[in-house]
Amino acid sequence: MIIRSLGHACFTAGDGKHTVIFDPFLTDNPEAVVTPEEVRVDAVLPSHGHSDHLGDAIPIARRLGVPIIAPYELAMYCQRFGAEVVPLHIGGGTDLAFGRVKLTYATHGSAVVTDNLIEYTGPACGFLVTLSGQTVYHAGDTGLFGDMRLIGETTPIDVAVLPIGDHFTMGADDAVRAVEFLQPKAVVPTHYSAFDPIRKDPHEFARRVEALGVRCVVLAPGEEAEF
Ligand code: NI
Ligand code: MN
């Protein structure tokens, strides 16, 4: 599986035949390395309604004619703006032509926040995506939670994309604990550099993960790695 960072929490996961995109925040993302028009994917997976995650999901899905896979309330929000959707909910998954997508719990809010309205879009989620027999866990925005242990016990994870930026999500200490809970084969840190309050050095985190015997790959925007 190839995981590519497109900046902030936006990543693609692909198996050479199919690709999905997580949290496609590209317009106004100071780290973005592609424009929304350059994205070619089979599905769009926004973890929650916050602008740095929902991002360009709707225009990308509409342009490509591919589904947005998201928690029900967020999916209905996207459908209202003309996107094809696959509404799921926490703990539920579905088999699609390219692989399996399952939504996991995440401890975070989810709303589309504009100048005069905060529109609730259900709970935030994480994603377990299985392509050609390999599974990536994109945790979305979340704090540490004990059921990460359960996720690790029930699903062998090839690569876990975990937030480490603190402030809005887990910081490095809790993310190291998450690695212990999840027992993934590899880890990619995320959500640590796009904005001032979350600027963190991912390499110290990477050293601590490697000390647990788990591969940790820091991906700068535009970089990719094979797992
Ligand atoms: Ni958020
Ligand atoms: Mn965020």
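Me: How are the donor residues of the nickel ion (ligand 1) spaced in sequence?
Reply: Good place to start, and keep in mind that this is a predicted model. The spacing reads H-x1-H-x57-H-x32-D. In atoms, the protein donors are His48 through NE2, His50 through ND1, His108 through NE2 and Asp141 through OD, at 2.2 to 2.3 Å from the nickel ion (ligand 1).

Me: Which parts of the fold do His48 and His108 tie together?
Reply: His48 sits in the loop between strand E4 (43-45) and helix H1 (51-54), while His108 sits in the loop between strand E8 (99-105) and strand E9 (111-114), so the pair joins parts that are 60 residues apart in sequence.

Me: How should I read the angles around the nickel ion (ligand 1)?
Reply: Start from the reference: four tetrahedral donors would ideally give 109.5 degrees. Here the four donor atoms subtend 87 to 176°, and the arrangement is therefore irregular.

Me: Which residue bridges the nickel ion (ligand 1) and the manganese ion (ligand 2)?
Reply: That is Asp141, and the two ions lie 3.2 Å apart.

Me: Is His48 buried or exposed?
Reply: Relative accessibility under 20% is called buried. His48 has 0%, so it counts as buried. His108, at 22%, counts as partly exposed.

Me: What is Leu45 in contact with, beyond its neighbours within four places in sequence?
Reply: Leu45 belongs to strand E4, and at 0% relative accessibility Leu45 counts as buried. Its contacts include Val20, Ile21, Phe22, Asp23, Ile69 and Val101, along with Phe127 and Val129. Asp23 is 22 residues away along the chain, yet the C-alpha atoms of Leu45 and Asp23 are separated by 6.1 Å.

Notes
Residues numbered from 1 in each chain as written. Chains lettered and ligands numbered in written order. Predicted model: local features only at pLDDT ≥ 70, side-chain atom pairs only at ≥ 80, totals over all residues. Heavy atoms only, no water. Donors = N, O, S within 2.8 Å, 3.2 Å for Na, K, Ca; no water. Tetrahedral: all angles 85-135°; square planar, octahedral: opposite > 155°, others 65-115°. Helix = DSSP H or I, 4+ residues; strand = E, 2+ residues; numbered from the N terminus. Buried < 20%, exposed > 50% of the residue type's maximum accessible area, 1.4 Å probe, protein only. Contact = heavy atoms within 4.5 Å.
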